[in-house]
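Here is a briefing on one protein chain. Look at the sequence and the model before reading on.

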Amino acid sequence: MADAAAAASPGKVTFVGAGPGAADLLTFRAARAIADADVVIWAASLVQAEVLEHARDGAEILDSAAMSLEDVVAVYERAARDGLKVARIHSGDPALWGGTQEQLDRCAALGVATEIVPGVSSFSAVAAIAGRELTIPEVAQSVILTRLGGGKTPMPPGEEVREFARHGTTMALFLSAARSGQLVRELLEGGYPTSTPVVVAYQATWPEELVLTCTIGTLEETVKEHRLWKHTLFLVGPALAAHGTRSHLYHPGHFHGFRRADPAARAALRAERAEGTGPAGAERAGHGSPEAEA
């Protein structure tokens with residue numbers, strides 16, 4: 001009978017993005033995955049305990065902090081053998097620095113089904129707390145997510161912070177607080193001025209949250225003053241202090257698939273572009289999504 005039940009209910013591992021900390025930043029899909037799970041594996045040091053309130057009575061709860069990859073895979077083997085549903089809770093979004101791919105590969109080898117539920121990344125949470133948009137027209141239209149080299153995981157060639165810094169756009173730097181002096185050197189070597197604004201966030205969205213503003217010139221001093229060496233993220237770039245620019249999206253002279261342009265405003269917008277004083281970016285003649293034209 002047990003074998004028949006397992007065959008009727010095949011095992012599954014769902015990788016759940018728990019967000020940066022606050023339990024109410026879970027998505028509805030994430031909460032459902034936790035509620036449906038027979039086994040919940042969570043990172044107690046990185047995820048607030050309130051997320052476990054979604055787990056059903058009788059679910060097996062395991063703390064991944066005390067587990068190696070082999071220990072976790074052993075649970076996935078049970079899922080494949082016994083038809084169990086496993087919720088593997090990761091902090092932030094599973095697509096970033098979560099050790100997710102190596103687990104997906106093991107699940108594929110076991111023949112167990114998988115699903116990934118995205119989560120709120122800490123970089124977007126910090127931007128929200130700071131009240132900043134990271135892509136400002138005429139200032140920055142890209143966001144680089146990276147980390148400083150020299151940690152436990154080697155950086156591939158060409159992915160040094162100094163190389164990314166040469167773009168002068170917005171950067172979100174993870175896992176770098178313990179080497180703040182090196183971080184400052186590489187940012188400056190890449191070409192950022194010392195006056196470039198920085199947001200420093202420790203345990204964003206947690207009760208212990210600390211969010212500070214400084215510049216690259218005072219970044220190392222700020223980190224050391226507050227004794228930050230882990231659970232800290234940096235946002236760097238001129239967009240963090242920019243004001244007064246305007247995108248195409250809500251300009252009355254711009255049109256797209258959902259809105260017609262005002263003729264007078266469109267003529268004025270074309271004149272401004274010709275003089276180089278209008279909203280930045282090439283005219284797209286209404287093609288593409290509104291988000292793509294922001």
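Predicted model: local features only at pLDDT ≥ 70, side-chain atom pairs only at ≥ 80, totals over all residues.

Residues are numbered from 1 along each chain as its sequence is written, and side-chain values use heavy atoms, with hydrogens and water left out.

**Overall make-up**

- The chain has nine helices and 10 strands. Helices (H or I, at least four residues) and strands (E, at least two) are DSSP runs, numbered from the N terminus.
- Of the 294 residues in the chain, 44% are buried. Buried means under 20% relative accessible area, exposed means over 50%, and partly exposed lies in between (1.4 Å probe, protein chains only).
- Among contacts with a separation of 6 or more, 67% come from residues 24 or more positions apart. Contact means heavy atoms within 4.5 Å.

**Nonpolar cores**

- The largest nonpolar core holds 22 residues. M171, L187 and F234 have the most contacts inside it. Such a core is a set of buried Ala, Val, Leu, Ile, Met, Phe, Trp, Tyr and Cys residues joined through side-chain atoms within 4.5 Å.
- Two or more residues of this core come from each of helix 6, strand 7, helix 7, strand 8, strand 9 (210-215), helix 8 and strand 10.
- L187 touches V161, A165, M171, L173, Y192, I216 and V236, leaving aside residues up to four places away in sequence.
- Another core, of 17 residues, lies apart from it; L26, A33, A37 and V47 are among its members.
- In soluble globular proteins, nonpolar side chains tend to be buried together.

**Helix packing**

- Helix 7 (residues 180-189) packs with helix 8 (residues 216-225) at an angle of about 170 degrees, and their axes are 9 Å apart. Axes are lines fitted to C-alpha atoms, for helices over the stretch in contact, and angles run from 0 to 180 degrees between N-to-C directions.
- The two helices, helix 7 and helix 8, are therefore roughly antiparallel. Angles over 145 degrees count as roughly antiparallel, under 35 as roughly parallel, 65 to 115 as roughly perpendicular and the rest as oblique.
- Helix 7 makes the contact with S180, G181, L183, V184, L187 and L188, and helix 8 with I216, L219, E220, V223 and K224.
- By class, this contact has seven nonpolar, two polar and two charged residues. Ala, Val, Leu, Ile, Met, Phe, Trp, Tyr, Cys and Pro count as nonpolar, Asp, Glu, Lys and Arg as charged, and the others, Gly among them, as polar.
- In helix 5 (residues 122-130), the buried residues are S122, F123, A125, V126 and A127. Their cover includes strand 6 (143-147), strand 7, strand 8 (197-202) and strand 10.
- G131 follows helix 5 and has a positive phi, near 70 degrees.

**Salt bridges**

- The whole structure has eight salt bridges. A salt bridge is a side-chain nitrogen of Lys or Arg within 4 Å of a carboxyl oxygen of Asp or Glu.
- R78 pairs with E60, with the closest N and O atoms 2.7 Å apart. R78 lies in helix 3 (residues 69-82) and E60 in strand 3 (residues 60-63), so the pair ties together parts 18 residues apart in sequence. R78 is partly exposed at 25%, and E60 is partly exposed at 30%.
- R162 and E189 also form a salt bridge (2.7 Å, N to O). R162 is in helix 6 and E189 in helix 7, so this pair ties together parts 27 residues apart in sequence.
- R162, E186 and E189 are linked in a salt-bridge network.
- E163 and R166 form a salt bridge at 3.3 Å, N to O. R166 is partly exposed at 48% relative accessibility.

**Two loop residues**

- T169 sits in the loop between helix 6 (161-165) and strand 7 (170-174). T169 is buried, with a relative accessible area of 9%. Residues that T169 touches include A140, Y192, V236 and P238.
- A261 sits in the loop between strand 10 (232-236) and helix 9 (263-275). A261 is partly exposed, with a relative accessible area of 22%.
- A261 and H251 are 10 residues apart in sequence and 8.5 Å apart in space, C-alpha to C-alpha.
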